[in-house]
Amino acid sequence: MWERARLSWALRRNRLIGGAAANGLARWFPGPGRRYARRLFDLTAGFVYAQVIQALVTSGLLARLAQGPAALDEAVLVAGLDGSATLTLLRAAKSLQLVEERGGTWLLAGLGAALAAMPGLADMVRHHRLLYADLADPLAMLRGGGAGELARPWRYDGTADPADVATYSALMAATQPMVAQQVLGACSFAGSRALLDVGGGTGGFLAAVRTAYLQLRLGLFDRPAVVEGARGRVDAALHPGSFRDDPLPGGYDAISLVRVLHDHDDEVVHRLLASVRAALPAGGRLVIAEPLADTPGAESMGHAYFGFYLAAMRSGRPRTYAEYAAMLRAAGFASIRRKRTSIPLITSVIIAVA
């Protein structure tokens with residue numbers, strides 16, 4: 001009964017809003033009218049906003065202003081644009097609250113300072129060029145076609161270009177510190193003897209763990225081409241292999257999957273979780289760090305951003321905590337908990353005990 005009532009209310013609301021918008025009657029509803037107009041404009045202009053950030057980063061202006069204020073003449077030299085074009089970029093960034101002008105000089109605004117300081121975020125902005133190429137025709141991308149730029153480093157059949165793999169591994173390493181900070185703030189490895197990071201790239205997460213747990217024995221498992229990039233960078237045993245086909249090494253009472261599962265389809269995730277369960281001793285822990293699709297206040301991050309990002313990558317999908325919990329139970333894990341992080345938009349943490 002309540003579901004029918006909610007549906008009836010939603011349909012009536014849509015008729016009222018649609019009629020007001022179509023007939024210019026929004027002036028009779030100034031509050032909702034202004035909110036819808038602003039929200040719709042931001043949605044339609046979102047790509048342009050993202051390109052302003054892209055230009056601010058790739059021009060070098062973000063890095064330069066992170067060092068301190070700059071006059072327009074210096075900004076022109078840094079950006080490699082003429083005065084008019086540089087001013088267009090700076091004014092656009094100012095409208096997005098990324099920079100501000102004081103006494104004829106330009107400096108970062110609070111949001112711009114956060115962008116410049118957050119580890120790996122500028123690298124992710126640069127990386128978005130690949131995503132934007134795929135999204136030039138979003139319907140083609142959803143059909144599995146299009147440019148396929150984002151999918152290149154993720155070919156598990158051995159045909160991925162080593163340069164693409166290295167570039168993506170470097171991006172993951174650059175963005176790893178902010179994820180590791182959230183994970184280490186949410187859970188402790190004090191009771192563990194040995195930790196294996198599966199799909200750990202070049203060891204960025206393990207490097208952060210090492211600073212907090214000096215006595216913990218560490219191991220890294222990833223594709224051979226990726227693991228080679230970790231050699232000499234992290235104090236960990238290196239285990240080359242593919243978790244799609246190879247069993248995980250034993251001897252670890254804790255295993256971590258940091259930003260791994262949402263990159264893969266359900267069949268692969270089910271096999272991987274079963275492999276993790278088989279590798280862990282009784283009482284061993286699995287730590288999962290993922291952006292979850294049901295994160296309150298960040299719903300658009302889950303299905304809009306990651307939904308399209310993973311569709312462009314042609315692998316994986318965003319999942320809710322409930323979906324992961326069901327997968328973990330199917331793999332044989334008994335105790336499953338979600339741990340709070342300070343910035344759940346970046347990642348959430350799930351702990352499962354074998």
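**Ring pairs, a pocket and helix faces**

Phe-306 and Tyr-309 sit 3 residues apart in helix H13 (residues 299-313), so about one helical turn separates the two. Helices (H or I, at least four residues) and strands (E, at least two) are DSSP runs here, numbered from the N terminus. The model is a predicted one, so local features need pLDDT of at least 70 and side-chain atom pairs count only at pLDDT 80 or more, while totals for chains, interfaces and linings use all residues. Residues are numbered from 1 along each chain as its sequence is written, and side-chain values use heavy atoms, leaving out hydrogens and water.

Both Phe-306 and Tyr-309 are buried (under 20% relative accessible area with a 1.4 Å probe and protein chains only; exposed is over 50%, partly exposed in between). Ring pairs also bring in Tyr-305, which joins Phe-306 and Tyr-309 in a cluster.

Overall, the structure holds 5 aromatic pairs (Phe, Tyr or Trp rings, the six-membered one for Trp, with centres within 6.5 Å; planes under 30 degrees apart are stacked, over 60 edge-to-face, the rest tilted). Tyr-132, at 19% relative accessible area, is buried.

The largest pocket takes in about 2000 Å³ of space. A pocket is an open set of points on a 1 Å grid over the protein atoms alone where a 1.4 Å probe fits, with protein on both sides within 12 Å along at least five of seven lines; lining residues have an atom within 4 Å of a point. Its volume is the space filled by probe spheres set on the points, which are joined across faces, edges and corners. The largest pocket is lined by 46 residues, and those closest to its centre are Leu-121, His-128, Met-301, Tyr-305 and Leu-345. Two or more lining residues come from each of H2, helix H6 (110-117), H7, helix H9 (162-186) and H13. H2 gives the largest share of this lining, at 10 residues.

In helix H14 (residues 321-330), the residues Tyr-324, Ala-325, Met-327 and Leu-328 are buried. Looking down the axis of H14, these buried residues stay within an arc of 160°, so they line one face of the helix (the arc is that of the directions from the helix axis to the C-beta atoms). On the face of H14 turned away from the buried side are the exposed residues Arg-329 and Ala-330. Helix H10 (residues 204-212) has Phe-205, Leu-206, Val-209 and Arg-210 as its buried residues. These span an arc of only 140° around the axis, which puts them on the same side of H10.

The loops hold a few details as well. Arg-259, in the loop between strand S7 (254-258) and helix H12 (266-279), has phi near 55°, a positive value in a residue other than glycine. With 14% relative accessibility, Arg-259 counts as buried. Another non-glycine residue with positive phi is Arg-314, near 65°, and its place is the loop between H13 and H14. Arg-314 counts as partly exposed, at 42% relative accessibility. Gly-80, found in the loop between helix H4 (72-79) and helix H5 (83-95), is exposed at 62% relative accessible area. Gly-80 and Leu-61 are 19 residues apart in sequence, and their C-alpha atoms are 10.0 Å apart in space.
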